[in-house]
Amino acid sequence: QLTPSSFLRIGQLSNVDLNEDIRELETELPRQHPNEIPHNEKLLSLKYESLDYDNSENQLFLEEERRINHTAFRTVEIKRWVICAMIGILTGLVACFIDIVVENLAGLKYRVVKGNIDKFTEKGGLSFSLLLWATLNASVVMVGSVIVAFIEPVAAGSGIPQIKCYLNGVKIPHVVRLKTLVIKVCGVILSVVGGLAVGKEGPMIHSGAVIAAGISQGRSTSLKRDFKIFEYFRRDTEKRDFVSAGAAAGVSAAFGAPVGGVLFSLEEGASFWNQFLTWRIFFASMISTFTLNSVLSVYHGNAWDLSSPGLINFGRFDNEKMGYTIQEIPIFIFMGVVGGILGALFNALNYWLTMFRIRYIHRPCLQVVEAMLVAAVTATVGFVMIYCSRDCQPIQGSTVAYPLQLFCADGEYNSMATAFFNTPEKSVVNLFHDPPGSYNPMTLGMFTLMYFFLACWTYGLTVSAGVFIPSLLIGAAWGRLFGISLSYLTKGSIWADPGKYALMGAAAQLGGIVRMTLSLTVIMMEATGNVTYGFPIMLVLMTAKIVGDYFVEGLYDMHIQLQSVPFLHWEAPVTSHSLTAREVMSAPVTCLRRIERVGTVVDILSDTSSNHNGFPVVESNPDATQVAGLRGLILRSQLIVLLKHKVFVERANLSLVQRRLKLKDFRDAYPRFPPIQSIHVSQDERECMIDLSEFMNPSPYTVPQEASLPRVFKLFRALGLRHLVVVDNRNEVVGMVTRKDLARYRLGKEGLEELSLAQT
């Protein structure tokens, strides 16, 4: 067991004793799985690194940029557009693949189970059907969960929080790897076919981001293939912009909403944005929707008809039937309040569940067992609800895919089965468009209640799955129920069409859970192909967000916080003006001299107790007259490349170095720089000197130690920095501000809190 005292408060000068403490910890903890991992939300994890969103402007970089003339910059710009088009096409194709495979596999499963139920309804012995359904679900989910838990745990969940962190500048390990994409796609197919309460829309965003990160680099590190194209884009800044385009393309492929995709990327995803980006991202989204439409229309046999957008198309709402009047506005606002409260409840329940999972269910085998349990329970609940429901509807004129007759008369079907015995997407469309009177209020009420808890239990399992569709389904069910009750209360007035209220309920519920406003309004408008509802949807979402934020934060932000990620929001905490850079910074700082012994560099890099990633470079000859002022900043990755190529002063004088190092050598090592342990430095080489002048960034950003925290935060956040050097009035290095130092301060219930840092 770890004791609370081992989560060290890292304050000002505790770096020295910190290292000894950690060594003691390592000796007293035998390497084994503890039964309980102590975790609380007041921690910041030290395992996450930052990304270098700030280019290192060393001499090599400047020389290369000066060599590029105007026409070469134009070709770079053209390459950017080509990459965006490729991102769109590939994301669209992945979406098609997921869509078609899910449709066929789920169809097969439901046909088998339906045949079985029909057979046993006559003979008796329906428990066999239940067993079959539950076993099918659990076995499919088992495969989907095993690949995630054992091969690539990052692929769990919807991936939106991870992409959000990546775009914020946090390096989540393995988040944009090819392996993650493969596991994500297979996992989401298996979890939707396995009948879990999940959607396949969230993971599309992650898939788009992985595709973007891969294409823009022009090579695959996983497959060890380098195509020698797009080498200019091999750095974090460029990759970040393409990843935000990929996320947008994912949204627009999932919902057939190109504008919604751009706005999603702007509102939820990206932390850095400029105007050129908007147009390129819109282009990628458009291409992705277009690709999806063309391929699906060919697949459905009506080639060249491009009017079936999106993996989920909520169907068209007619304007004639579906107008709304002024007296409905308060009703919509009330629905927004209900959605906000239910969403806050969902998030609070999921919060405690996730805390429990982090503490106790952290072994892969337990995670797989839990996923199978949820799958079996989901099937059982669905079966029992259908079995107990006596809500029969005539089969004529209904558009049910798999009508289950069960105990209904001939020519009728069980309407509870349209909700449970179907993929969630189809159920949403049914709730939106089935004619009034298709559902019994009792059916809808029971369904909402059960599905709410099932969806809450499912989100956060070790399967790849999104929360979009389940939220829409819960909301559509209670919205339709609300519409039916309204027409009861108003003695069947014409304006209470249940489909319209189902749409508003769906918006309210999803807004209450994920707290998106602008992008969600546009996605709902584009997916229903109806602009008339823009205003009511906007009202509902605003209300849901305001009400929900009063209780807890949104689902994605909550999961980011539970993972202890050092996420930087747009602004520093409002009450933090009293803190200065001196109190925030980490000190003492490990500095390197401009001309340094190789042995010293190797020792500093191999020191496991301080795995720093940036080192200020100071003047080499500190005599009495001259202070060792700051001369530049060099990154760990650059030092490793220098040691690997053995760029030493002595070898240069003996002209042993074959050629000068170019920027290409640094780009070829990106993004997986070798660890220092893999680089062999002989005893003689340790005595050589290494000259850092042309590789260090000679103009790093610095702040005086009197700067207030909001000012430091603004500089750090707006420029996407990784290291900010704190200097005194003689330009000597006194400290270093990194992401953890700023993310540590947060507004809590009692004002400003300081989180402690943990090695977990």
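In strand β14, the residue V727 is the bridge partner of P704, where strands, like helices, are DSSP runs numbered from the N terminus (a strand being E of at least two residues, a helix H or I of at least four). The structure is a predicted model, in which local features need pLDDT of at least 70 and side-chain atom pairs count only at pLDDT 80 or more, while totals for chains, interfaces and linings use all residues. Residues are numbered from 1 along each chain as its sequence is written, and side-chain values use heavy atoms, with hydrogens and water left out.

Strand β13, which spans residues 702-704, pairs with β14 in the parallel sense over three bridges; two strands are taken to pair if DSSP finds at least two bridges between them. Between β13 and β14 the chain passes through helix α27 (residues 709-719), and this β-α-β crossover is right-handed, a term used if the path from the first strand over the helix to the second runs clockwise with the strands pointing away from the viewer. Strand β14 (residues 724-727) is covered on both faces, since L724 and V726 on one side and V725 and V727 on the other are all buried; here buried means under 20% relative accessible area, exposed means over 50%, and partly exposed lies in between (1.4 Å probe, protein chains only). Strand β14 is also joined by four bridges to strand β15 (residues 733-737), and these two strands run antiparallel. Within this pairing, V726 has G735 of β15 as its bridge partner. The two strands β14 and β15 form a hairpin with five residues between them, and N731 in the turn has a positive phi of about 60°.

In general, the strands of a sheet pair through backbone hydrogen bonds, either parallel or antiparallel. A further sheet is open and consists of three strands in the order β8-β10-β11, with mixed pairing. Strand β10 (residues 614-618) is joined to β11 by five bridges, and the two run antiparallel, with V618 standing opposite L630 in β11.

Positive phi values also occur in loops. H174, which is not a glycine, has a positive phi of about 65° and is found in the loop between β3 (170-171) and α6 (178-193); with 32% relative accessibility, H174 counts as partly exposed. S564, likewise not a glycine, has a positive phi of about 60° and is located in the loop between α20 (555-562) and α21 (581-584), but S564 counts as buried, at 5% relative accessibility.

Another loop, between α13 (415-420) and α14 (424-433), contains N422, which counts as buried at 7% relative accessibility. When residues up to four places away in sequence are not counted, N422 touches Y110, Y402, S427 and N430, contact being defined as heavy atoms within 4.5 Å.

Helix α3 (residues 70-123) holds L93, a residue that is partly exposed, with a relative accessible area of 37%.
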